[in-house]
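Please read the following explanation with the sequence and the model side by side. It goes from pairs of chains down to single residues.

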4 protein chains.
Amino acid sequence: MTRIAYLGPPGTFTEQAARQWSEGLAGAGAETIDAPTVPAAIAALREGRVDVAVVPFENSVEGSVPATLQALLDGGVDGVRIGAEVHVQVQFSLLTRPGTSLEDLRERATLATHPHAAAQTRNWVDRSLPRAKVVPESSTARAAQAVSEGLYDAAIAAPGAAQAYGLVPVAEHIADRPGAVTRFVVLRVGAPVPAPTGSDCTTLVTWIWANRPGALLALLDQFAVRGIDLSRLESRPTGEGLGEYCFWIDANAHLDEPRMQEALVGLRRTCRDVRFLGSYPRADGRLVLVPAHARDQTYVEAREWVQRLTT
Amino acid sequence: MTRIAYLGPPGTFTEQAARQWSEGLAGAGAETIDAPTVPAAIAALREGRVDVAVVPFENSVEGSVPATLQALLDGGVDGVRIGAEVHVQVQFSLLTRPGTSLEDLRERATLATHPHAAAQTRNWVDRSLPRAKVVPESSTARAAQAVSEGLYDAAIAAPGAAQAYGLVPVAEHIADRPGAVTRFVVLRVGAPVPAPTGSDCTTLVTWIWANRPGALLALLDQFAVRGIDLSRLESRPTGEGLGEYCFWIDANAHLDEPRMQEALVGLRRTCRDVRFLGSYPRADGRLVLVPAHARDQTYVEAREWVQRLTT
Amino acid sequence: MTRIAYLGPPGTFTEQAARQWSEGLAGAGAETIDAPTVPAAIAALREGRVDVAVVPFENSVEGSVPATLQALLDGGVDGVRIGAEVHVQVQFSLLTRPGTSLEDLRERATLATHPHAAAQTRNWVDRSLPRAKVVPESSTARAAQAVSEGLYDAAIAAPGAAQAYGLVPVAEHIADRPGAVTRFVVLRVGAPVPAPTGSDCTTLVTWIWANRPGALLALLDQFAVRGIDLSRLESRPTGEGLGEYCFWIDANAHLDEPRMQEALVGLRRTCRDVRFLGSYPRADGRLVLVPAHARDQTYVEAREWVQRLTT
Amino acid sequence: MTRIAYLGPPGTFTEQAARQWSEGLAGAGAETIDAPTVPAAIAALREGRVDVAVVPFENSVEGSVPATLQALLDGGVDGVRIGAEVHVQVQFSLLTRPGTSLEDLRERATLATHPHAAAQTRNWVDRSLPRAKVVPESSTARAAQAVSEGLYDAAIAAPGAAQAYGLVPVAEHIADRPGAVTRFVVLRVGAPVPAPTGSDCTTLVTWIWANRPGALLALLDQFAVRGIDLSRLESRPTGEGLGEYCFWIDANAHLDEPRMQEALVGLRRTCRDVRFLGSYPRADGRLVLVPAHARDQTYVEAREWVQRLTT
């Protein structure tokens with residue numbers, strides 16, 4: 001039985017991601033446990049109360065999830081690693097207590113939701129319920145729960161929250177931009193890096209020397225010179241002052257590849273700091289094309305040649 | 001009389017930024033008007049109801065303010081431009097109604113604040129009021145107002161919110177990380193670009209061709225080859241899918257400099273899209289050092305030489 | 001009547017190049033005049049005694065012709081420009097006075113030729129006339145002339161030298177590596193730059209700041225960032241000490257293209273010195289592919305956009 | 001007794017270089033043997049008739065010595081390596097048979113010399129002996145020998161050639177540009193690479209993929225990304241057609257340094273071919289500054305870090 005902590009409460013997209021991931025597990029099945037915060041989920045992992053933790057990482061509309069990024073950095077060097085990723089299509093429904101219709105909300109209504117969900121449904125709300133007041137809650141599931149408790153008239157939440165809290169959808173697919181995707185990561189502590197699959201991703205965080213012009217160019221060059229494409233580059237403030245950033249990087253390569261190891265050596269040599277957060281299979285299964293000059297076998301042969309020169 | 005819309009309600013750091021900026025105005029003084037949202041402040045600007053709008057842009061701990069970035073992009077090509085920036089030191093106080101002491105909050109209390117402020121004071125709250133429940137509100141000032149209305153026991157807010165809502169501070173300087181700074185921008189519509197000062201910043205947004213490896217390197221190179229340093233580079237999702245980003249750039253140069261104009265030509269030629277959001281004096285007044293090869297006079301002489309070759 | 005000075009004496013490959021080029025002239029035809037040295041040919045040009053000078057520039061086996069490169073640099077800033085190029089297939093014959101056969105040379109023979117020609121026929125001579133002594137002369141034509149004067153037994157020379165000096169070929173196509181090509185340039189003084197043809201070359205010489213690491217990378221980047229390919233890059237000592245070079249560059253672009261003008265501005269700004277030696281049609285007529293971002297029209301539109309921003 | 005082959009005949013600058021180098025040898029002293037050509041010197045080395053061969057490599061005025069470059073390439077992959085370099089100040093004298101004065105040469109004279117020496121003394125000859133005829137010979141020493149045989153009136157040669165051939169100097173220091181230096185290399189076969197000294201040079205030849213734009217930039221980047229400066233970069237035609245080059249590189253690093261080994265791996269991976277011709281102490285003894293990120297210890301620590309990640 002695999003024990004999975006996820007960012008709750010029940011009914012969030014994260015629970016959906018946790019279920020989606022656990023369907024791929026063989027054997028004794030999984031038990032999901034909701035955690036109130038990302039740090040709480042990670043704490044459960046560290047303390048051995050669960051085997052994995054599933055947390056949201058980034059959204060195709062809102063960008064990354066700061067709480068998760070921060071919690072991963074707080075993990076320290078012996079910390080948590082990403083062992084898998086899960087993509088979930090984001091759908092929003094407007095949920096009410098049974099008996100309340102969309103029409104009932106026209107004149108005056110309080111709609112609870114998470115601020116990200118509010119941002120992603122703003123146009124729909126302005127158009128459909130222009131007199132409604134949108135109230136922020138800590139999660140869309142908490143918003144749904146609060147509606148079930150009678151605190152608000154309706155919640156903008158994941159479809160799955162209806163069942164979890166005894167609500168009914170009075171409008172579905174209300175996101176302004178259809179096709180939004182949220183990416184979740186599955187965290188472990190002390191587990192081996194999953195074997196390469198040919199469709200892998202490596203997540204890193206790097207701190208460059210801010211006072212050196214061209215430092216970011218040099219950082220990107222560490223990947224380019226070894227034929228590694230990046231699928232994600234995100235700057236985040238380090239908290240040390242305006243203009244001080246670290247960079248979150250997803251590279252299309254695996255730790256076991258020589259090109260990735262050489263790039264890591266290059267980052268370690270030239271950056272203020274670098275953190276390795278895991279190599280794991282891509283959720284989309286897209287094959288990573290490796291240029292001929294950067295393949296494992298090319299490295300092996302080139303190193304043998306240099307070895308012969310030195311002896 | 002300069003009319004200034006700012007992201008309200010009164011008592012926010014944005015009001016403080018608006019006052020700070022208006023102190024630099026000569027003449028008839030300024031009138032500040034609070035707007036409920038960033039888009040509302042910008043709408044007031046577009047419709048001529050105010051002369052400038054002051055909105056938060058980025059924070060040294062939390063990063064950029066998505067609502068502002070989005071609103072600036074929604075402005076379209078003939079839209080709003082940044083004419084100035086203001087830096088405000090961020091200080092948080094714990095505010096209560098007169099008569100409530102810190103001791104009164106120990107056992108059980110509701111603390112309202114904006115989620116960003118909650119994040120920046122989490123350690124202090126965990127340590128000082130471990131049993132308190134933190135409730136999200138839409139702004140720190142709204143949180144203070146709600147406390148004055150009796151909805152919560154205390155607010156984590158800007159010091160200025162105490163006076164605005166008749167509250168008193170029971171703890172001050174409670175941010176976990178001292179020295180946080182928020183950067184605000186002063187927006188105008190249809191105003192000329194301020195003249196160069198030798199300490200200027202140009203804000204741009206660029207969309208690169210995501211499917212071209214090396215596109216970001218090429219983007220950065222457009223600046224490097226013309227001796228322009230960047231003080232800020234931030235990736236933001238475009239909303240078109242995971243891995244699709246635009247890049248917000250602050251360059252240490254002014255639109256009137258030939259090196260900046262040539263870089264803009266280069267970006268326009270090579271990027272999917274590029275938006276110019278303004279050149280304006282840096283708030284820190286730090287002199288921008290221009291390499292000899294990139295100075296205005298060097299450009300003038302080099303172009304005259306090429307001109308002579310062609311005739 | 002176009003007067004053409006060429007590097008003589010008659011019978012050299014340069015005469016062949018001069019004739020090849022003059023065949024393309026309309027009208028009154030051409031008169032060819034042999035000059036003893038490259039500087040002498042250029043002097044005739046400067047003093048108005050001829051209209052053009054044809055001199056060898058580089059050979060696909062031996063590399064560039066130092067005397068020509070030096071003479072072009074000595075021209076100074078108001079000097080000579082390349083207006084056309086000519087490619088000539090290099091063929092060597094072994095020429096003797098009538099009555100002398102190849103067999104007669106087996107036991108003991110003196111073979112006169114230019115050192116470059118000696119280098120290109122060394123294997124053939126070692127195999128066919130292993131006992132012959134090769135003697136250096138100042139040109140292959142001078143070698144042929146010396147044979148006609150009875151000074152040597154045979155000359156390794158251009159096929160055309162046979163007729164010029166009354167000799168006969170006893171062996172033909174004796175170059176060790178078939179397919180060698182020599183490139184000649186047609187020089188003018190004070191003539192306008194030929195109009196772009198879509199298949200053009202621009203010849204430049206640049207001096208970089210030797211004590212700056214990365215200076216050559218930066219030089220190449222001035223072309224790369226504007227989508228200009230180089231077809232030739234040659235380092236030459238400046239004569240100021242070991243490790244001091246200038247770089248001869250052939251760029252696949254024309255002075256009238258905005259991308260080339262911008263690159264020239266960039267070189268002028270960043271290099272110790274730069275010399276423009278001409279834009280002219282490529283001898284091979286190969287169409288130059290210009291990336292979309294570097295086309296003339298792209299530049300025009302990008303500059304109009306920047307112009308609108310500044311007003 | 002170390003046996004040294006050098007490019008003769010006696011009296012050349014190469015003999016001077018061979019003596020200069022052998023002065024540094026301890027023990028039984030050296031025996032110098034003149035070879036008629038660079039390939040002959042190398043053949044003596046391969047066949048074990050000598051221990052080292054000393055040949056000219058490049059001159060600060062004339063550039064590289066094509067015969068040496070070609071001979072080194074012809075050596076094949078198991079071939080000759082450079083084990084040391086020697087710098088010799090180049091001085092030219094005008095040498096005559098005893099009894100002939102400079103005045104005697106004014107009216108009519110034949111001056112024999114090597115074409116490179118002719119080029120380096122052209123202005124002096126034009127000014128001092130304008131009516132003299134300069135005749136090319138295969139070396140300056142051969143020119144001196146020919147004067148001693150009565151074939152010419154005078155020779156432009158190294159000062160040391162006077163003693164070797166019984167001539168006297170009638171003019172000294174006649175080079176147009178004082179301070180010229182020629183660099184010689186000391187070749188060995190099958191000897192170990194000399195140990196690093198902190199002031200080392202590595203000589204390489206690389207063939208890039210000519211049809212790939214940016215291939216040279218990528219080549220240079222292999223060094224830049226590892227903090228290696230180049231002291232020499234020379235393009236040479238490969239003989240396969242106009243525009244086909246190989247690049248001779250002198251890098252300021254030693255084969256035993258991890259940064260150099262990693263760069264060699266990078267070149268081997270990305271170039272059409274690469275040849276290692278030796279790591280050896282710099283003749284000028286200038287200390288090579290290694291950036292902190294490229295030092296041996298930095299590599300060791302960075303690799304240990306990656307090693308820990310993978311286990």
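The model is a predicted one.

Begin with how the chains are related. Two copies of a chain are related by a rotation about an axis and a shift along it. For chain B and chain A, the turn is 180° and the shift along the axis is 0.0 Å, and chain B then lies on chain A with an RMSD of 0.1 Å. Both copies use the same surface, since 100% of the contact residues of chain B recur in chain A. Chain C is superposed on chain D by a rotation of 180° with 0.1 Å of shift along its axis, at an RMSD of 0.1 Å. This is the relation of a two-fold axis. Here too the same surface serves both copies, as 100% of the contact residues of chain C recur in chain D.

Next, look at the contact between chain B and chain A. Each chain is counted separately: 35 residues come from chain B and 35 residues from chain A. The size of an interface is often given as the accessible area lost when the parts come together. For chain B and chain A this buried area is about 2,600 Å², with 61% of it on carbon and sulfur atoms. Which elements of chain B give two or more residues to the side that touches chain A? They are strand 3 (52–59), strand 11 (181–189), helix 8 (215–224), strand 13 (230–237) and strand 14 (245–251) of chain B. Strand 13 of chain B gives the most, with seven residues. Sorted by class, the side of chain B that touches chain A has 13 nonpolar, 11 polar and 11 charged residues.

Now turn to chain C and chain D. In this pair, 35 residues of chain C are in contact with 35 residues of chain D. The two chains bury about 2,600 Å² between them, 62% of it on carbon and sulfur atoms. Between them the count is zero salt bridges and three residue pairs in polar contact, with both residues at pLDDT 80 or more. On the side of chain C that touches chain D, strand 13 of chain C supplies the largest share, seven residues.

Some chains do not meet. Chain A and chain C do not touch, and their nearest C-alpha atoms are 12 Å apart. Likewise, no contact joins chain B and chain D, whose closest C-alpha atoms lie 12 Å apart.

Seven of its nine residues are buried, so helix 6 of chain B is largely enclosed by the rest of the structure. Among the buried residues are Thr140(B), Arg142(B) and Val147(B). The buried residues of helix 6 pack against strand 6 (93–96), strand 7 (110–113), helix 4 (115–120), strand 9 (154–157) and helix 7 (160–165) of chain B. At the start of the helix, a side-chain oxygen of Ser139(B) comes within 3.3 Å of the backbone nitrogen of Ala141(B). Just after helix 6 of chain B, Gly150(B) has a positive phi of about 85°.

Finally, go to chain A. Gly99(A) sits in the loop between strand 6 (93–96) and strand 7 (110–113) of chain A. Is Gly99(A) buried or exposed? Its relative accessibility is 74%, so Gly99(A) counts as exposed. Gly99(A) and Val168(A) are 69 residues apart in sequence, while their C-alpha atoms are 8.7 Å apart in space.

Key: Residues are numbered from 1 along each chain as its sequence is written. Chains are lettered from A and ligands numbered from 1 in the order in which they are written. This is a predicted model: local features need pLDDT of at least 70, side-chain atom pairs count only at pLDDT 80 or more; totals for chains, interfaces and linings use all residues. Side-chain values use heavy atoms; hydrogens and water are left out. Helices (H or I, at least four residues) and strands (E, at least two) are DSSP runs, numbered from the N terminus. Buried means under 20% relative accessible area, exposed over 50%, partly exposed in between (1.4 Å probe, protein chains only). Copies are superposed by least squares on the C-alpha atoms of residues with pLDDT of at least 70 in both. Contact means heavy atoms within 4.5 Å. Buried area is the accessible area (1.4 Å probe) that two parts lose on being put together, summed over both. Ala, Val, Leu, Ile, Met, Phe, Trp, Tyr, Cys and Pro count as nonpolar, Asp, Glu, Lys and Arg as charged, and the others, Gly among them, as polar. A polar contact is a pair of N or O atoms within 3.5 Å; within protein, one must be able to donate a hydrogen and the other to accept it, and residues adjacent in sequence count only if both atoms are side-chain atoms. A salt bridge is a side-chain nitrogen of Lys or Arg within 4 Å of a carboxyl oxygen of Asp or Glu.
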